[in-house]
Amino acid sequence: MLRIEQAVYDAIVAHAKRDHPDEACGIVAGPEGTDRPERFVPMINAAGSPTFYEFDSTELLGLYKEMWANDEEPVVIYHSHTATEAYPSRTDIGLANEPGAHYVLVSTREHGNSDGPVEFRSYRIVDGEVTEEEVTVVSSVPGSAPESNID
Amino acid sequence: MAIEVRIPTILRNYTGGEKAVEASGATLAEVVDNLEDNHPGIKERLLEGEELRRFVNVYVNDEDVRFAGGLGAPVSDGDQVVILPAVAGG
């Protein structure tokens, strides 16, 4: 199951609507091993295309170096489909290289740049196998608030 | 000193789970061959024929080797090589 904060969910949807009809993409990083998507990082779609997305290679390196320095990992990798359903395409499956990530797909095919509901679905993609999972939107993810260290 | 190579999660099954390994070579191609000697199978995941795979990004000291000589990119002791699969799809 993907548990995601309302604010992060809204930010992903807003990015997808803003970039429609091109595909939008980005990640939500979280502390390693916690499965908590906390830090929303919208990326530029270097492909600038309605049918393809790719992180810019220099930005990709910058992003990963930042995550390594923060002991973070990509908890969510999201992108939009702008004319088709929110289900991983064959290309998505072939290029999915983060077995630990939740792959989020948003479809803006219905309302484009306008207000209105979108499809928002999440998957695990491991060794070419797609498994859809439940998405639970919460006002805040338990444990994500800064905690004080007692020891 | 050697060359440090950062290994992405998806390829760590070749390195016994290690996030970074050491390698040697004077060019990226030699580094890849040296990686293959110590971590058999990894080369095929990086190259298609004689070329870097389209959706594998390799950086030498933060520079994408596509713009720095590809497999012929020079490397030397102390350099850092980063391998990152592209984040891409359709």
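Let me begin with a definition: two strands pair if DSSP finds at least two bridges between them. Strands themselves, and helices, are DSSP runs numbered from the N terminus, a strand being E with at least two residues and a helix being H or I with at least four.

Before the description, a word on the source. This is a predicted model, in which local features need pLDDT of at least 70 and side-chain atom pairs count only at pLDDT 80 or more, while totals for chains, interfaces and linings use all residues. Residues are numbered from 1 along each chain as its sequence is written, and chains are lettered from A and ligands numbered from 1 in the order in which they are written.

I start with chain B. Chain B holds two helices and eight strands, and from the N terminus on the order of elements is β-β-α-α-β-β-β-β-β-β. The radius of gyration, taken over C-alpha atoms, is compared with a globule rule of 2.2 Å times the number of residues to the power 0.38. For 90 residues a compact globule would have a value near 12 Å, and chain B agrees, with 12 Å. Along the principal axes, the C-alpha atoms of chain B fill a box of roughly 40 × 30 × 25 Å.

I call a residue buried if 20 or more other C-beta atoms lie within 10 Å of its own, exposed if 12 or fewer do, and partly exposed in between, with C-beta atoms placed from the backbone. By that criterion, 28% of the 90 residues of chain B count as buried. Contact means that the C-beta atoms of two residues, again placed from the backbone, lie within 7 Å. Among contacts in chain B with a separation of 6 or more, 49% are between residues 24 or more positions apart.

Next, the sheet of chain B. Five strands form an open sheet in the order 2-1-7-5-6, with mixed pairing. Strand 2 and strand 6 (63-64) of chain B are at the edges; each has a single partner strand, so one side of each is left without a neighbour in the sheet. Strand 1 (residues 3-6) of chain B is joined to strand 2 of chain B by four bridges, and the two run antiparallel; within this pair, B:Val5 stands opposite B:Val21.

In a regular strand the side chains alternate between the two faces of the sheet. Strand 2 (residues 20-23) of chain B has B:Val21 and B:Ala23 on a covered face, with B:Ala20 and B:Glu22 on an uncovered one.

How many residues does the contact take from each chain? It takes 16 residues from chain B and 20 residues from chain A. On the chain B side, strand 5 (56-60), strand 7 (80-85) and strand 8 (88-89) each supply at least two residues, and strand 7 of chain B gives the largest share, three residues. The residues on that side divide into ten nonpolar, four polar and two charged; here Ala, Val, Leu, Ile, Met, Phe, Trp, Tyr, Cys and Pro count as nonpolar, Asp, Glu, Lys and Arg as charged, and the others, Gly among them, as polar. Strand pairing also crosses between the chains: strand 4 (residues 53-54) of chain A and strand 8 of chain B run antiparallel, joined by two bridges, and A:Glu54 stands opposite B:Ala88.

Finally, chain A. An open sheet of six strands has the order 3-2-5-6-7-8 in chain A, with mixed pairing. Its edge strands are strand 3 (39-43) and strand 8 (129-133) of chain A, each pairing on one side only. Strand 6 (residues 102-107) and strand 7 (residues 119-126) of chain A pair in the antiparallel sense over five bridges, with A:Phe120 as the bridge partner of A:Val106.

A:Tyr123 lies in strand 7 of chain A. Is A:Tyr123 buried or exposed? A:Tyr123 is buried, because 22 other C-beta atoms lie within 10 Å.
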